Amino acid sequence: MSGHQEPLRGKVSQEQQVRRDWTRTEAEALHGLPFADLVFRAHSIHRSNFDPNIVELASLLSIKTGGCPEDCGYCSQSAHYDTGLKATRLMDQADVIAAANRAKDAGATRFCMAAAWRSPKDPDLNRVCDMVSAVKELGMETCVTLGMLTPEQAERLCAAGLDFYNHNVDTSPEFYVKIITTRTLQDRIDTLAHVRRHGIKVCSGGIIGMGERVEDRLGMLVLLANLPVHPESVPINLWNEVNGVPVVETAERPDPIEVVRLIAVARILMPRAVVRLSAGRQYMSDELQALCFLAGANSIFIGDVLLTTKNPQREHDANLLSRLGISTRVS
């Protein structure tokens, strides 16, 4: 049984129909609505497409850490910066499968594998494809993030049984050029097109709290909402504090109400996407997470660590979801 939250089907109002022609002016107008009106509108759309009392659980494992040649100014794994992180080789498959089994036992329905590469080399991709097939045999959904892909590499991952490919656009086109120079935004969009063309679902979102403006956050959402097909998953990451990277000089943690507003706009612009609270949840209070669920978020990562940064403890997550009456079963 798939753990992915498929949108509910039924009558859909004109407002709730999928659009791919959003403007920033429209997004800014939504974001500027009175808080109660914005959340009501987003929750109504969310309830029309998903069961609002179900949250998807996913688990993320770094299968190859550090040493990345990209200069992403927010990332602890970039070889350009001294962050104190030690680079590792690609993990053995047996260790990856053991981690996937632990995630499954903890309730995760999707297992995501991340490697810090600019793009995978063929021998490494062969090993990742074997990992994907093995995780698939456990009955879990599979997701990888490996950097840029060629069409041929996307085809190989599809043949291995890959369900989702994660490749974030990170931020707006205007702010992107201020934090990354080694890979263009178009490179990222091209990779998304390659995986989509080969039947792999797309997981793509961004990071907030790096010093960008609200307009940049909305620009990121408009970019995603105007892709030929909306991403099936949209992760929203709060930047995790990392010493030694350029973003530490500009970072500013978003106001909690602004986070809820962003989640609500994401839900309205992409009504059938799963919106995930991803990195940075350790900075979020229970009350903030509850408001985000109300505004349309319906997925979280579980586990003590996300790649190289902390994540809320599993027991804390279970307690919060229980108090909210939220189930993690998808029937």
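This is a short talk about strand 3 and some of the salt bridges in this structure.

Okay, hi everyone. Just so we're clear from the start, this is a predicted model.

Let's begin with strand 3, residues 141–145. Is strand 3 mostly covered or mostly open? Mostly covered: five of its five residues are buried. In a regular strand, side chains alternate between the two faces of the sheet. Here Glu141, Cys143 and Thr145 sit on one side, Thr142 and Val144 on the other, and both faces are covered.

Now the neighbours. Strand 2, residues 110–115, runs parallel to strand 3, and five bridges join the two. To get from strand 2 to strand 3, the chain goes through helix 4, residues 122–136, in a right-handed β-α-β crossover. There's strand 4 as well, residues 164–166, also parallel to strand 3, with two bridges joining them.

How many does the structure hold? It holds 18. Opposite charges on side chains can pair when the charged atoms come close.

Back on our strands, Arg110 stands opposite Glu141 of strand 3. Those two also form a salt bridge, with the closest N and O atoms 3.4 Å apart. That pair links distant parts of the chain, since Arg110 is in strand 2 and Glu141 in strand 3, 31 residues apart. Are the two partners buried or exposed? Both Arg110 and Glu141 are buried.

Next, the helices. Arg156 and Asp122 meet in a salt bridge through their side chains, 3.1 Å from N to O. Arg156 is in helix 5 and Asp122 in helix 4, so this pair ties together parts 34 residues apart in sequence. Arg156 counts as partly exposed, at 27% relative accessibility. Asp122 is partly exposed too, with a relative accessible area of 44%.

One more pair: Asp317 and Arg281, with side chains meeting in a salt bridge at 2.8 Å, N to O. Asp317 is in helix 11, residues 314–324, while Arg281 is in the loop between strand 8 and helix 10, and they're 36 residues apart. At 3% relative accessibility, Asp317 counts as buried, and Arg281 is buried at 1%.

Definitions and conventions: Residues numbered from 1 in each chain as written. Predicted model: local features only at pLDDT ≥ 70, side-chain atom pairs only at ≥ 80, totals over all residues. Heavy atoms only, no water. Buried < 20%, exposed > 50% of the residue type's maximum accessible area, 1.4 Å probe, protein only. Helix = DSSP H or I, 4+ residues; strand = E, 2+ residues; numbered from the N terminus. Pairing = 2+ DSSP bridges. Right-handed = clockwise from strand over helix to strand, strands pointing away. Salt bridge = Lys/Arg side-chain N within 4 Å of Asp/Glu carboxyl O.
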